[in-house]
Structures are given as C-alpha cells and as structure tokens.
Amino acid sequence: VERMVRLSNVNLKVFAESEAAISLGNSVIGTSPLDVWKGKLDLILTNPPFGASFSTQDILSRSKPADFPVLHHMANIGLLPQTIDSEYALLDKEIGMLRPGGRILMVVPDHVVSGGGFAERFRRELLKANRIGESEFLQTTTIAAS
C-alpha cells in the first residue's frame, strides 16, 4: 500500500497541475490528514473500502460529536452496537466534513440502503438531519471488475 501512495504522488507531481497529495492512514479512528477539510466540502464522491469493523468505543472516545454526528447521537440515546461496520463510520464521518447544503455521492453495500436492524436505525437517525436525494442499485458486475 505504501508503494501505491508513493507512485500516486509521483504521478500527481508529474502529470497534474494541482497541489493535491495522497496520504496513507486510518481516517476513521484518531486524527487524519483529512481533518483539515472538516466542514469545508461542498461535494464528496467516494467508493470507500468496506469489510472492516470498528469498536464504537474507539470511534466515540477519539472524536467530537461533529466528527461523527449520527453515531454520537445514536450513542446518546443507546442505539449503538459494540462494533460498527466501516461503511457506516465512513458515511457519518463524511457528513461531518460537508458544509451546510453539501452533498455526498457514495457507493455503499446494499444493506446500508435496505437492511434491517442497525442499518434501519442508522438510516432513521441519518434522515432526521439529512436528506437522501436518490439511491441507485448497481449490478454486481459493475464493481466486480474493479
């Protein structure tokens, strides 16, 4: 992974006309180079990695409510499990990075949109302060080749 970060940064310096930089790290737990963008973004487009789980205690103890607004609210009303899948943590963190009126276009697993249990509770809490404009179903083959 470190090699890919180095190669990507070299490509940016050689071929791009921007001051962009690629870094390696955990953007969910603790501090991250992405933290400088909190509350400043109008649009986030992402297809983040899925499959990891995080301790909700680790997330909540190392963050402010504005960093993970939905998870902190759910913790306050006793609706969080002991561990949370990365897709929920990443979606919530991205919400905290947006300016008011900002938008997110994010590829998520089906259960985030249509699952029961925690997924349903998360969606309900998410919708209390946010609007979901549209969701699209992507065929498995759309992502399988990537």
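Predicted model: local features only at pLDDT ≥ 70, side-chain atom pairs only at ≥ 80, totals over all residues.
Numbering runs from 1 along each chain as its sequence is written, and side-chain values use heavy atoms, without hydrogens or water.

Now, pockets. A pocket is an open set of points on a 1 Å grid over the protein atoms alone, where a 1.4 Å probe fits and protein lies on both sides within 12 Å along at least five of seven lines; lining residues have an atom within 4 Å of a point. Points join across faces, edges and corners, and volume is the space filled by probe spheres set on them.

The largest pocket holds about 1,200 Å³. It has 31 lining residues, with Ile104, Leu105, Met106, Ile132 and Glu134 closest to the centre. Two or more residues each come from α4 (86-97), β4 (98-106), α5 (110-114), α6 (118-129) and α7 (140-144). Helices (H or I, at least four residues) and strands (E, at least two) are DSSP runs, numbered from the N terminus. β4 gives the most, eight residues. By class, the lining is 17 nonpolar, seven polar and seven charged.

Next, the second largest pocket, at about 860 Å³. Of its 27 lining residues, Ser27, Ser32, Leu34, Thr46 and Leu90 lie nearest the centre. β1 (41-46) and α4 each give two or more. α4 has the largest share, five residues. The classes here: 17 nonpolar, eight polar, two charged.

How values were computed: Nonpolar A, V, L, I, M, F, W, Y, C, P; charged D, E, K, R; others polar.
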